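Subject: Structure for your review

Dear colleague,

Please find below the structure that I am handing over to you. My notes on what was found in it follow directly after.

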Amino acid sequence: MERGFYTIMAAQFFSSLADNALLVIAIALLTDLHAPAFLTPMLKFVFVLFYVILAPYVGAFADSMAKGRVMFISNLIKIVGCALLFFAVHQYFALGAYAIVGLGAAAYSPAKYGILTELLPPEKLVIANGWIEGLTVASIVLGTVFGGLLITPAISSVLLSFDFPFIDIGLLDTPIAVALLLVAVCYMIAATFNLFIPNTGIDHRILRKNPSFLIHEFAHCVKLLWTDKLGQISLAVTTLFWGAGATLQFIVLKWADIALGFPLNEAAQLQGVVALGIALGAVLAAKLITLRDSVKVIPLGIAMGLVVMIMITVRDLWIAIVLLILIGSLAGFFVVPMNALLQHRGHILMGAGHSIAVQNFNENLSILAMISLYALLIMLDVHIYVVIALFGLFVAVTMILIHKWHLFNQSKQDSLHMIGMHKIH
């Protein structure tokens, strides 16, 4: 791998670590503010909102300058959002501040993935994605555990006993405030690594800056990916995966409370167990699956949906851990090759930043829809076991339909020969 790849990995690790710790802390903040239960999943809704709203523009932004600089600016925006959470005295102010963090994440994502296609040849994309996703999931594991520990009374009391140099203000008189400060430090570390990401030498001039043109161009890019025989399948899979994955985060929290009697700080660690499984699946996929064989992993998505429904029967912690690792492993093993294939086709059809922006638009539109549906079910007081059954069935059936779609495409014309081709300039 190129030397700059490891700098990208370090920056991604600390930024993702902070993102995931912040989600747990934001949930705890809403609890402190006595917010209704259905507002908890709405944190994810507001976080991804800018991914959808700004989708026509963030791709162009990512392609307008060196990717490391884009990532640096994005982390600064996340720090601003984190700082605003210090002043959240109302549940909707907290949601608004968390949305600012989502704005930074929306600008960050096209650069994070887009630079891989600029830095590495196509044959290394699955391996690179395996490492990036594996490290990202490691940061999810550590981030959720880190966030859970920061809101644990025993840990927070110790943190509150420290004297911070030159800081003697009321803002740090609560466990949430100290936790937010430490998360902001993680964002600062990530921003520092961003400064050392190499410039790949790609021409970053944007030909047109007119907003209406960018919307038209983005719509064209969306059409290109959805009409490409390989792009549409990989985009459909990743769109489903991220919508389902975001919903599963909150399902695990609710299920851990009902089935295992876990409070938030312990339930957050079970989220990390799922992420650990995803990391395992991602690393295995990087070792065992080539870009050309990426479409062969689609049936594992069907299996994941069916396995999720077994959660209804689990009451023992160790069985729960094994099951959650299995769910995560299936998810990681099938999404990493699909993600690499999507990046490859997007890079061939359009600029790296544009293709990732299209991917983010579709995936986060899925998150908005599935999170909204989950919040509605919680608001209607539907039992979590019914929610889990519906969720698992939906994932399995949708993946079956996608698999049949791919087989139909192949029956009309073999499209696998397009995998591995290089972009013609």
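**Findings**

The structure holds zero disulfides, a disulfide being a pair of cysteine sulfur atoms within 2.5 Å. For cysteine 82, which is in no disulfide, the nearest cysteine sulfur belongs to cysteine 186 and is 9.4 Å away. Cysteine 82 has a relative accessible area of 0% and is therefore buried; buried means under 20% relative accessible area, exposed over 50%, and partly exposed in between, with a 1.4 Å probe and protein chains only. Cysteine 221 also counts as buried, because its relative accessibility is 5%.

Before going further, please note that this is a predicted model, in which local features need pLDDT of at least 70, side-chain atom pairs count only at pLDDT 80 or more, and totals for chains, interfaces and linings use all residues. Residues are numbered from 1 along each chain as its sequence is written, and side-chain values use heavy atoms, with hydrogens and water left out.

**Helices and their packing**

Helices (H or I, at least four residues) and strands (E, at least two) are DSSP runs, numbered from the N terminus. Helix H3, residues 55-63, is mostly covered, with seven of its nine residues buried. The buried residues in H3 are Ala55, Pro56, Val58, Gly59, Ala60, Ala62 and Asp63.

How do helices H9 and H10 pack? Helix H9 (residues 211-227) meets helix H10 (residues 231-260) at an angle of about 100°, and their axes are 5 Å apart. Here axes are lines fitted to C-alpha atoms, for helices over the stretch in contact, and angles run from 0 to 180 degrees between N-to-C directions. H9 is therefore roughly perpendicular to H10; angles of 65 to 115 degrees count as roughly perpendicular, under 35 as roughly parallel, over 145 as roughly antiparallel, and the rest as oblique. On the H9 side, Leu225, Trp226 and Thr227 meet Gly231, Gln232, Leu235 and Ala236 of H10, where contact means heavy atoms within 4.5 Å. By class, this contact of H9 with H10 has four nonpolar, three polar and no charged residues. In that scheme Ala, Val, Leu, Ile, Met, Phe, Trp, Tyr, Cys and Pro count as nonpolar, Asp, Glu, Lys and Arg as charged, and the others, Gly among them, as polar.

H10 also packs with helix H2 (residues 39-53): their axes come within 10 Å and cross at roughly 155°. H2 is therefore roughly antiparallel to H10. Thr40, Pro41 and Lys44 of H2 make the contact with Ala246, Gln249 and Phe250 of H10. The residues of this contact of H2 with H10 comprise three nonpolar, two polar and one charged.

Serine 234 also has its place in helix H10. Its relative accessibility is 0%, so serine 234 counts as buried. Leaving aside neighbours within four places in sequence, serine 234 is in contact with Met338, Leu341 and Leu342.

**Loop residues with positive phi**

Histidine 34 is not a glycine, yet it has a positive phi of about 60°. Histidine 34 is found in the loop between helix H1 (3-32) and H2, and counts as exposed because its relative accessibility is 71%.

Aspartate 381, likewise not a glycine, has a positive phi of about 65°. The loop that holds aspartate 381 runs between helix H14 (352-379) and helix H15 (384-412). With a relative accessible area of 69%, aspartate 381 is exposed.

Yours sincerely
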